[in-house]
Amino acid sequence: MSAEDTGRRNLEARLRGLLGGMDASAGFEARVMQRVSMLAVAPREDLRVQFERRRELRRRRLRREVWMNGMTTLGLGACAAALLWRFAPEIQRLAANSASLIDPGLLAVGTLAALGAGVWLLISRARG
Amino acid sequence: MPADNAISELIQAGRAEAAFEQLVPAFRRRVFGLAYSLLRDRGAAEDVAQEVFVKLWQALPRYDGRAQLSTWIYAITRNTAISAMRRRRRSVSMSDPAVFEEVESRGAASEAGLDDAALWRNVGALPDKQRQAVILYYQEDRPVEEVAAMMGLPVNTVKTHLHRARASLAAALAGAGEEVA
């Protein structure tokens, strides 16, 4: 065996002696398990809090929408009433004229179609 | 490694908790060694190793087995250690004070200990990749192939780093008057 080989073996032995025992400190695994067990509980609690927060936000949004819809309906109703009050003679005259001009059956179908469209619009808005 | 395959099979079978219980002891030294080889600080390496295992716990159910388990863990360890290095933003010392003190205190009792302190200083003074290769190779007498997987480098590159590191160490110790050859 050459001197170079001996030197290399000597150096390698010393490096093994120096670095061979390198490891994490005692209790490392227990600490990891402790952290992980804490994590296993934390997400469940987080999820519950998130779920509650989302439910509360949804509840508030629905309450706001109900109020807005109510006010819109009330406003439209008031406007319609005001218009009827304001233009009552004209409307009366128009109705009397159109009754003589338009077929009553066609008028009924038209009125029903307009009502249906309005109801459908309200329902689709409430669902959306 | 057979243990790695057994852990992979447990994960694939959806038994992540059982897999994790086997994974920690199987990878503790490898993860710590890799973190230490990058950070050169025992405390920081241990913090990183803890962080890695917590990440693994969270990510384990999503491991799909496409990459080898060890390769996946080494990549997480390297990334976590590099992030820790960036966070610390400090100039890394030539050697870990905790280990250096331990080696020096041994040196007070024996001449061999003094030699160890000199050797430790020289290992710390090696270029990053060479130092990493030396620490990972001699920590557990690992095959070069595994050191290469840990470092994310080709096997021949690691062999070159090891060869150069040994030559540098031998020259440094010979220069300091120690008998190497």
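Of the 181 residues of chain B, 50% count as buried. The structure is a predicted model, and every value reported below was computed from it. In chain A, which has 128 residues, the buried share is 11%. Chain B contains nine helices and zero strands, and its order along the sequence reads α-α-α-α-α-α-α-α-α. Chain A likewise has zero strands, with four helices arranged along the sequence as α-α-α-α. For contacts in chain B between residues at least 6 apart in sequence, 64% connect residues at least 24 apart.

Helix α9(B) covers residues 155–175, a run of 21 residues. From its first C-alpha to its last, α9(B) reaches 30 Å, close to the 30 Å expected at 1.5 Å a residue. The buried residues of α9(B) are V158(B), H161(B), L162(B), A165(B), R166(B), L169(B) and L173(B). Viewed down the axis of α9(B), these buried residues fall within an arc of 130° and therefore line one face of the helix. An α-helix has 3.6 residues a turn, so residues three or four places apart point the same way. The face of α9(B) turned away from the buried side carries the exposed residues N156(B), H163(B) and G175(B).

Helix α7(B) has twelve residues, and its reach of 16 Å from first to last C-alpha is close to the 16 Å expected at 1.5 Å a residue. Because ten of its twelve residues are buried, α7(B) is largely enclosed by the rest of the structure. The buried residues of α7(B) are Q130(B), R131(B), Q132(B), A133(B), V134(B), I135(B), L136(B), Y137(B), Y138(B) and Q139(B).

Helix α7(B) is followed by D141(B), whose phi is positive and near 50°, although D141(B) is not a glycine. D141(B) is found in the loop that runs between α7 (128–139) and α8 (144–151) of chain B. The relative accessible area of D141(B) is 44%, and this residue is partly exposed. A positive phi, near 60°, is also found at R40(B), a residue other than glycine. R40(B) belongs to the loop between α2 (16–39) and α3 (42–59) of chain B. With a relative accessibility of 12%, R40(B) counts as buried, the cut-off for burial being under 20%.

Leaving aside neighbours within four places in sequence, F20(B) is in contact with V32(A), M33(A) and V36(A) from chain A, and with F53(B), L56(B), W57(B) and L60(B) from chain B.

When residues up to four places away in sequence are not counted, R29(B) touches G20(A), G21(A), M22(A) and D23(A), together with Q139(B), E140(B) and R142(B). The separation between R29(B) and Q139(B) is 110 residues in sequence and 8.7 Å in space, C-alpha to C-alpha. Q139(B) is one of the buried residues of α7(B).

The second largest pocket holds about 230 Å³ of space. Its lining consists of N69(A), T72(A), T73(A), L76(A), G118(A), L121(A), L122(A), R125(A) and A126(A). The elements that give two or more residues to this lining are α2 (28–86) and α4 (104–127) of chain A. Helix α4(A) gives the most, contributing five residues. By residue class, the lining of the second largest pocket divides into four nonpolar, four polar and one charged.

Terms used: Residues numbered from 1 in each chain as written. Chains lettered and ligands numbered in written order. Predicted model: local features only at pLDDT ≥ 70, side-chain atom pairs only at ≥ 80, totals over all residues. Heavy atoms only, no water. Expected span 1.5 Å × (residues − 1). Buried < 20%, exposed > 50% of the residue type's maximum accessible area, 1.4 Å probe, protein only. Arc of directions from axis to C-beta. 1 Å grid on protein atoms, 1.4 Å probe; cavity = no way out; pocket = protein on both sides within 12 Å on 5 of 7 lines; lining within 4 Å. Points joined across faces, edges and corners; volume = space filled by probe spheres on them. Nonpolar A, V, L, I, M, F, W, Y, C, P; charged D, E, K, R; others polar. Contact = heavy atoms within 4.5 Å.
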